[in-house]
Amino acid sequence: MTALLLPGLALANDATSSPTQLSTPFTDQTTGLAMERFFGARTSFSFAFALPPTPPAAGTAGSFIGQMTFPLSQGQGWGALGLIGDMEGNFILAAWPDGKGGVMASFRQAIDEDNPAEVTGAFSVKPIPGADGTGVSVNQTSLAYTFLCDKCLDSTLGLGPEAIAAGSAVMGWALSERPPIGDPSDPGARLGFHERGFGPFTARLAQAMTAGFDAVAATVARTAPVPASRAAVAAVPGAAAGNGGDSGDEEDSGNEGGGDGDDSDDEDD
């Protein structure tokens with residue numbers, strides 16, 4: 001098994017979720033969007049997502065609206081989602097407190113599994129704070145980051161229109177309570193080991209298609225994307241080919257609304 005790792009160590013503890021855990025229906029209170037959500041009961045890491053009501057044409061990149069929420073330890077930590085459930089070649093979006101009262105977001109690609117590079121391409125991310133500002137927030141105990149990931153659903157990055165047509169796909173996540181190494185306001189800051197949890201889950205993409213997508217995406221039409229650092233390199237097409245996702249040995253179950261993972265009250269790794 002190749003574990004879902006982010007930089008730091010070559011080996012990890014057992015995964016805290018598995019592909020048997022499905023996303024479940026969720027309504028975001030900030031945007032009002034009907035979404036699908038993965039929620040880890042043992043870690044309290046959450047990733048919710050919504051797709052346009054019409055899938056992109058084959059061979060074109062699609063977009064999604066996402067929301068990561070996760071706990072912090074004394075205002076420190078980072079969380080990440082991956083387009084596939086396995087680490088090798090995974091296209092990753094990570095988020096962490098920027099040290100200035102906001103949230104930093106950064107695209108990574110795991111060509112080097114010990115230190116996934118910051119990458120750039122046709123894709124971009126824009127924060128969606130919402131009318132009340134709660135869509136993007138950070139304090140001493142938690143972080144919330146709601147965003148538009150534009151042209152992120154690309155077959156060359158690991159998850160594209162064919163997965164939407166299939167109805168579901170295995171994705172991944174990771175969580176640490178330690179701060180990035182270096183300047184937290186730098187999108188190229190090095191991430192440490194995901195000692196709080198990691199693993200794959202199955203995203204129900206067909207159920208995430210919602211009529212409200214375009215209206216919410218339009219609210220950030222004039223918002224500038226989060227810039228990459230000068231050290232970012234071009235994403236490598238096809239790096240995730242053949243790595244659709246591995247099973248974890250331990251499930252981080254407890255999706256609200258139900259799921260197929262077994263319930264567990266074990267503590268986080």
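**Close-ups of a predicted model**

**View 1. Glutamine 76 and what it touches.** Setting aside residues up to four places away in sequence, glutamine 76 touches Glu177 and Pro179. This is a predicted model, and here we're looking at the loop between strand 4 and strand 5 (78-82), where glutamine 76 has its place. Glutamine 76 comes out as partly exposed, at a relative accessible area of 34%. Valine 138 sits 62 residues apart from glutamine 76 along the chain, yet their C-alpha atoms are separated by 9.8 Å.

**View 2. Glutamate 118, buried without a salt bridge.** Find glutamate 118 in strand 8 (residues 117-120). Arginine 108 is the nearest side chain of opposite charge, but it's 5.7 Å away. What glutamate 118 does have is a polar contact of 2.4 Å, side chain to side chain, with serine 229. Beyond four places in sequence, its contacts include Ser106, Phe107, Arg108, Pro187 and Gly188, along with Ala228 and Val233.

**View 3. Phenylalanine 107 in the largest nonpolar core.** This core counts 39 residues, and Phe47, Phe64, Phe107, Phe147 and Leu205 are the ones touching the most other members. Among the elements giving it two or more residues are strand 3 (46-50), strand 7 (103-109), helix 1 (161-166) and strand 13 (197-203). Strand 11 hands over the largest share, six residues. Zoom in on phenylalanine 107 and, leaving out neighbours within four places in sequence, you'll find contacts including Phe91, Leu93, Glu118, Phe123, Cys149 and Cys152.

**View 4. Another core, apart from the largest one.** This one has 13 residues, among them Ala94, Ala110, Ala174 and Phe198.

How values were computed
Residues are numbered from 1 along each chain as its sequence is written. This is a predicted model: local features need pLDDT of at least 70, side-chain atom pairs count only at pLDDT 80 or more; totals for chains, interfaces and linings use all residues. Side-chain values use heavy atoms; hydrogens and water are left out. Helices (H or I, at least four residues) and strands (E, at least two) are DSSP runs, numbered from the N terminus. Buried means under 20% relative accessible area, exposed over 50%, partly exposed in between (1.4 Å probe, protein chains only). Lys and Arg count as positive and Asp and Glu as negative; His and the chain ends are not counted. A salt bridge is a side-chain nitrogen of Lys or Arg within 4 Å of a carboxyl oxygen of Asp or Glu. A polar contact is a pair of N or O atoms within 3.5 Å; within protein, one must be able to donate a hydrogen and the other to accept it, and residues adjacent in sequence count only if both atoms are side-chain atoms. Contact means heavy atoms within 4.5 Å. A nonpolar core is a set of buried Ala, Val, Leu, Ile, Met, Phe, Trp, Tyr and Cys residues joined through side-chain atoms within 4.5 Å.
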